[in-house]
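Notebook open, new structure on the screen. I'll jot down what I look up as I go.

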Amino acid sequence: MLTIADIQFESRLFSGTGKFCSSKIMLAAIEAGGSQLVTLAMKRLDLTAKRDDILTPLLASGVKLLPNTAGARNAHEAVMVAQLARDVLGTSWIKLEIHPDPKYLLPDPIETLKAAQQLCDKGFVVLPYVHADPVLCRRLEEVGCAAVMPLGSPIGSNQGLATQTFLKIIIEQAKVPVIIDAGIGAPSQAMQAMEMGADAVLVNTAIASSRDPVMMARSFAIAVKAGRDAYQAGLGGVSEHASHTSPQTPLTEFLE
Amino acid sequence: MSFVDYLQALPTERLKLAQYSATSADVERALSSCEGSLSGLMALLSPAAEPYLESMAQRAAQLTRQRFGATIGMYLPLYLSNLCANECDYCGFSMGNKLKRKRLNLEELRQEIAIIKRRGFDSLLLVSGEHETKVGIDYFVSMLPEVKRHFSFVAMEVQPLSEDGYRCLVSHGLDAVMLYQETYNPQVYRQHHTRGNKQDFAYRLASAERIARAGVDKIGLGVLFGLDDWRFDALLMGHHLHYLEHQHWRSRYSISLPRLRPCTGGVQPKVALSDKGLVQIICAFRLFNPQLEISLSTREPAALRDHLYRLGITHISAGSSTEPGGYAHPQTQLDQFEIADNRSVEQVVDALKAQGLTPVWKDWEAGWINQSP
Amino acid sequence: MDEINLMLNGEPVTVANRTNVQQLLLAQKIQLDRVAVVCGGDVVPKSMWSSTLCEEGNVIEIFGVVAGG
């Protein structure tokens with residue numbers, strides 16, 4: 001069972017709520033995928049438009065809500081958004097994301113670390129979205145983040161685990177759960193992340209933008225479970241030692 | 001959780017059983033991917049790994065070359081004092097032993113330094129017996145600046161100190177601390193350490209964490225192999241290393257592998273570590289941790305040392321004296337332990353070069369490092 | 001002065017003097033448990049809404065929850 005802060009999760013598939021064509025399909029997909037943690041964003045209300053209430057059904061479904069700080073371009077704004085989210089939702093959990101770059105939406109490591117420090121000091125349960133940077137993840141852990149959420153590839157790009165080499169290092173080093181976020185475009189990629197030892201994955205675009213989000217969510221759930229099982233069962237090593245390409249000088253003959 | 005708590009919580013009996021029931025399949029799995037895996041290390045240190053020693057050695061040699069290049073770091077111990085307030089039954093400095101006790105003064109230190117510098121060394125290991133009152137922090141602080149004037153890298157192997165003590169020595173230029181637990185088995189530890197501060201197993205065990213917090217660049221762990229079952233002691237040292245690398249990731253780590261030799265009158269090893277066993281430990285640790293530094297002293301005989309360099313050793317001493325003042329005035333009765341490789345520095349260097357290895361005398365210059373506020 | 005002028009989510013709004021934040025939200029037909037409020041760059045916690053009076057020239061922002069990843 002995955003534990004973040006003091007909350008346990010049976011499902012290691014976390015879901016985003018964006019980009020669905022209706023909240024009805026979004027809810028059905030979350031249910032089909034079995035996610036117990038779903039993300040939300042905060043936005044200034046358009047007082048003139050009719051508001052689509054996604055909160056009521058989400059609250060009714062019993063999933064844990066993880067508001068994010070999307071839209072914040074620096075630490076100050078992110079801390080503000082986190083406080084707003086806590087005020088509305090009554091949760092101190094926050095997915096910290098700061099992307100000043102409008103094209104690739106890549107996270108700003110400096111502002112993220114700064115905001116993480118402040119939010120942890122204020123008692124938030126902070127899950128920062130970051131580039132797959134092992135040192136940054138350690139620094140975030142040191143300031144008290146409850147998990148780290150390194151990206152697989154640019155958000156919404158469906159490119160999969162372009163950062164694999166660094167994700168492996170992060171997973172090896174982390175003392176908090178590692179949730180691979182962003183870029184996971186196919187169940188096989190989610191499975192690969194889980195086989196590597198990731199604690200969970202967060203998927204949004206790949207499910208929301210598929211032809212059948214409900215079926216895709218179910219498919220992700222199976223892949224995440226399979227990947228986790230394979231990790232726990234212990235993958236067979238890729239054999240290197242048995243196939244040397246050139247004859248070698250024995251190194252231990254002197255012991256005979 | 002401190003490592004003291006970690007070790008206490010470790011189900012050691014079950015782990016030991018698991019190590020001795022490791023299978024060849026476990027070893028094969030570990031051979032292909034052992035990096036960072038404690039279960040892999042366990043398999044590679046197990047009896048089941050013995051038939052795989054050549055494969056382990058090949059892989060270890062390859063990893064060592066890949067990480068460190070064809071080089072061996074050269075250092076020399078300088079014994080500051082043989083005063084000791086501990087009774088440890090395996091050690092020549094033990095307080096009950098009748099030998100002339102000596103603590104170098106500044107002038108004697110300068111004489112030693114001059115000789116060591118002439119031989120080309122730039123990396124020094126300061127060693128003393130453990131005598132808190134006569135050879136404590138004040139003494140170290142009084143000697144360290146003189147040493148640091150002449151050596152770019154200075155390590156210390158003395159009694160465990162307080163965190164503030166270490167921090168103070170760092171401010172005087174200390175680069176590394178070697179502190180060997182001797183054994184990770186508290187019962188066995190108690191049997192061999194019968195008087196003095198060294199009896200405090202937990203304080204010694206927690207030292208590496210204090211050293212790391214004090215900002216020491218390199219931390220050396222070690223077991224005196226033979227005091228307890230060496231396979232299991234090595235595995236627990238692996239746990240310690242693993243713990244430290246995760247908790248204190250800004251430090252570098254090294255291990256030393258001294259072994260207790262069977263000898264008349266002295267302490268008999270519980271399970272003697274053979275040459276083969278020593279090779280197994282070196283290779284297992286290399287596969288477990290490619291970046292780990294492994295040093296080898298002149299306690300091991302020349303012929304064996306020459307075979308071990310390529311397997312994973314990264315640092316060696318040569319032409320060592322293990323008595324205070326021993327470079328300027330070689331005697332023999334003050335030694336901590338007997339030196340098995342009596343070759344001169346030149347002879348050792350020739351042996352390295354014959355294997356295509358380059359001795360590195362200096363690989364560190366503090367320069368602007370640690371100068372920032 | 002009977003009335004004061006505010007900026008509410010970017011639009012000018014006129015309300016009666018001594019209107020508190022809670023009354024302002026209710027007047028906008030906003031479901032109270034679905035929003036958070038920022039006044040002059042500071043979060044006004046829910047617990048303070050009824051005791052926080054709007055003042056002339058206040059820039060007030062109302063935030064709600066939307067879908068997101």
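This is a predicted model: local features need pLDDT of at least 70, side-chain atom pairs count only at pLDDT 80 or more; totals for chains, interfaces and linings use all residues.

Entry one. I started with T39(A) and found its bridge partner in β5(A), which is L66(A). Strands here are DSSP E runs of at least two residues, helices are H or I runs of at least four, and both are numbered from the N terminus.

Residues are numbered from 1 along each chain as its sequence is written, and chains are lettered from A and ligands numbered from 1 in the order in which they are written.

Entry two. I checked the pairing of β4(A), where two strands pair if DSSP finds at least two bridges between them. With β5 (residues 64-67) of chain A, β4(A) runs parallel, joined by 4 bridges. With β5 (residues 59-67) of chain C, β4(A) runs antiparallel, joined by 5 bridges. On that side I looked up R44(A), and its partner in β5(C) is F63(C).

Is β4(A) enclosed or open? Strand β4 (residues 37-44) of chain A has 6 of its 8 residues buried, so the rest of the structure largely encloses it. Buried means 20 or more other C-beta atoms within 10 Å of a residue's own, with C-beta atoms placed from the backbone.

I zoomed out to chain A, and 50% of its 256 residues count as buried. I also noted 9 helices and 10 strands in chain A.

Technical notes. A residue is buried if 20 or more other C-beta atoms lie within 10 Å of its own, exposed if 12 or fewer, and partly exposed in between; C-beta atoms are placed from the backbone.
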